[in-house]
Amino acid sequence: MNFTDDELLRIRPERMASAYMEYRRSGYEFIYRAALENGVLDELGTPRTVAQFVARHGVASGKAVVAELLLEALNRCGAVRRVGNRPSRFSAVTDYVPPRSIDDELIRLATGKSSYRELGYSGSFGRVVTSLTHEEKHALSGFDASNADLWDQGMQLPYYRYARMCAVRTLVSAGSDLLDLASGTGLGLLELARHTTGGGEGRFVGVEVSPDFVRVSAERTADAPRTRIVQGDLEQPLALPGAQCFDGAMLVGAYHYLRDATPMWQSMARLVRTSGVVCLAMAYFRTGSYDQELVDLRYAQRNPVAHPRTRAQVIAEAGEAGFVLEREFWFGCFGWLAFRATGDQRGSEGAGMTSQPNSR
């Protein structure tokens, strides 16, 4: 299912959030089946602590944390239950079956696939489980040329593209001088250029830390004359000239890779005009939502390391730089938040807030 930009933007956030959650629910089914096939649930026929499971299952050195996350994910979906505490033990639920069939219409909406059975998701979760007993490196997801196609595939999934397009729509409504932070392979820059009105006066600047991705995005945007890509690290002050010279900025799928977000927000306070907007899209949070344990397990297998925050932490980080939360929606533990620049470095927490993330 290929959506045009306009078709995506006509979908309500609540509908796409339901599709996203169905996608994650299919992930729990895949992880359950992989655990069943690889003897994980057999090991839990007798209640085990994490340490006992690690020893009996032969979990490789350094992967105890991943093993614990797997048990937490199985507990979340109901295939495993906690028994006792201090330390708690995990026990297989012998009569567990996935509660209902997967809604393929929602899967199509979230992923473009006609059925959840077509998702490569199943193989990736199988590898997570089988890799527990092997001394192998993290799954590759680095920001280099060898992974550019993989990043493109993920960023073109409809639910992910939807979040990015909502950020694009918000930015172009604020003006025509726009920043794409952690611009990756250049998809967002092209969308900003495609949707901005105002003739040839606007400019679109991508900031990307990876030299490989700078090259990939420069090639991709070569025919978009108002775009420019610069190499820059968001954990350092951005060396862009001028003050309050941009109407808005977006950061899609990368906020959680920042160990320290303060330099980024300070740069935005200098570069974004008062009343300008900064959008964070597909930012990985700690919300306790239904998909939390599954996503935690996914990110535990990745390199670079993610640093998810709570909603309150991000609001505080933005507020210190003079940005207030204006609008938000949530796909489970992934947040979409739009902040408005007040010009006041002290900020004020949460003015104009809408809905909060739902747990399930």
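Mentor: Gladly. Keep in mind that this is a predicted model. Start with Thr 221, which lies in the loop between α11 (211-220) and β6.

Trainee: Why is Thr 221 called buried?

Mentor: Its relative accessibility is 4%. Buried means under 20%. So Thr 221 counts as buried.

Trainee: Which residues does Thr 221 touch, leaving out those up to four places away in sequence?

Mentor: Gly 186, Leu 189, Leu 190, Thr 227 and Ile 229.

Trainee: Now Val 83, in strand β1 (residues 80-83). Why is Val 83 called partly exposed?

Mentor: Its relative accessible area is 22%. Buried would need a value under 20%, and exposed a value over 50%. Val 83 falls in between, so the label is partly exposed. Beyond residues up to four places away in sequence, Val 83 touches Ser 88, Arg 89 and Ser 91.

Trainee: How far is Val 83 from Ala 318?

Mentor: They are 235 residues apart in sequence. In space the C-alpha atoms are 41 Å apart.

Trainee: On to the sheet. What makes its pairing mixed, and what is the strand order?

Mentor: Strands of a sheet can pair either parallel or antiparallel. Here 7 strands form an open sheet with mixed pairing, in the order β6-β5-β4-β7-β8-β11-β10.

Trainee: Why are β6 and β10 called edge strands?

Mentor: β6 (227-231) and β10 (323-331) each pair on one side only. On average, neighbouring strands of this sheet are turned by 15° against each other, direction ignored.

Trainee: How do you know that β10 and β11 pair?

Mentor: Two strands need at least two bridges. β10 and β11 (residues 334-341) have 8, in the antiparallel sense. Take Glu 328: its bridge partner in β11 is Leu 337.

Trainee: Which helices contact this part of the sheet?

Mentor: Helix α2 (residues 13-37) packs on the sheet and touches β10 and β11. Its direction makes about 55° with that of β10. Helix α12 (residues 262-271) lies across β4, β7, β8, β10 and β11. It runs at about 150° to β8.

Trainee: Which residues touch the most other members of the largest nonpolar core?

Mentor: Trp 265, Met 268 and Phe 323, in a core of 125 residues. The largest share, 12 residues, comes from α2. Met 268 contacts Leu 179, Leu 181, Leu 238, Ala 249, Val 278 and Phe 323, leaving aside neighbours within four places in sequence.

Trainee: How many aromatic pairs does the structure hold?

Mentor: It holds 18.

Trainee: Take Tyr 284 and Phe 334. Why is this pair called tilted?

Mentor: First, the centres are 6.0 Å apart. The limit for a pair is 6.5 Å. Next, the planes are at 35°. Stacked needs under 30 degrees and edge-to-face over 60.

Trainee: What makes Arg 203 sit over the ring of Phe 246?

Mentor: The charged end of Arg 203 is 4.3 Å from the ring centre. The distance limit is 6 Å, and there is an angle limit of 35 degrees from the ring normal. Arg 302 lies over the face of Tyr 299, at 4.8 Å from the ring centre.

Trainee: Which peptide bonds are cis?

Mentor: One runs from Arg 86 to Pro 87, with omega near -10°. Pro 87 is in the loop between β1 and β2 (89-92). Another runs from Asn 303 to Pro 304, with omega near 15°. Pro 304 lies in the loop between β9 (302-303) and α14 (311-320).

Trainee: What stands out in the phi of Ala 182?

Mentor: Phi is near 50°, a positive value in a residue other than glycine. Ala 182 is in the loop between β4 and α10 (187-195). At 24% relative accessibility, it counts as partly exposed.

How values were computed: Residues are numbered from 1 along each chain as its sequence is written. This is a predicted model: local features need pLDDT of at least 70, side-chain atom pairs count only at pLDDT 80 or more; totals for chains, interfaces and linings use all residues. Side-chain values use heavy atoms; hydrogens and water are left out. Helices (H or I, at least four residues) and strands (E, at least two) are DSSP runs, numbered from the N terminus. Axes are lines fitted to C-alpha atoms, for helices over the stretch in contact, and angles run from 0 to 180 degrees between N-to-C directions. Contact means heavy atoms within 4.5 Å. Buried means under 20% relative accessible area, exposed over 50%, partly exposed in between (1.4 Å probe, protein chains only). A nonpolar core is a set of buried Ala, Val, Leu, Ile, Met, Phe, Trp, Tyr and Cys residues joined through side-chain atoms within 4.5 Å.
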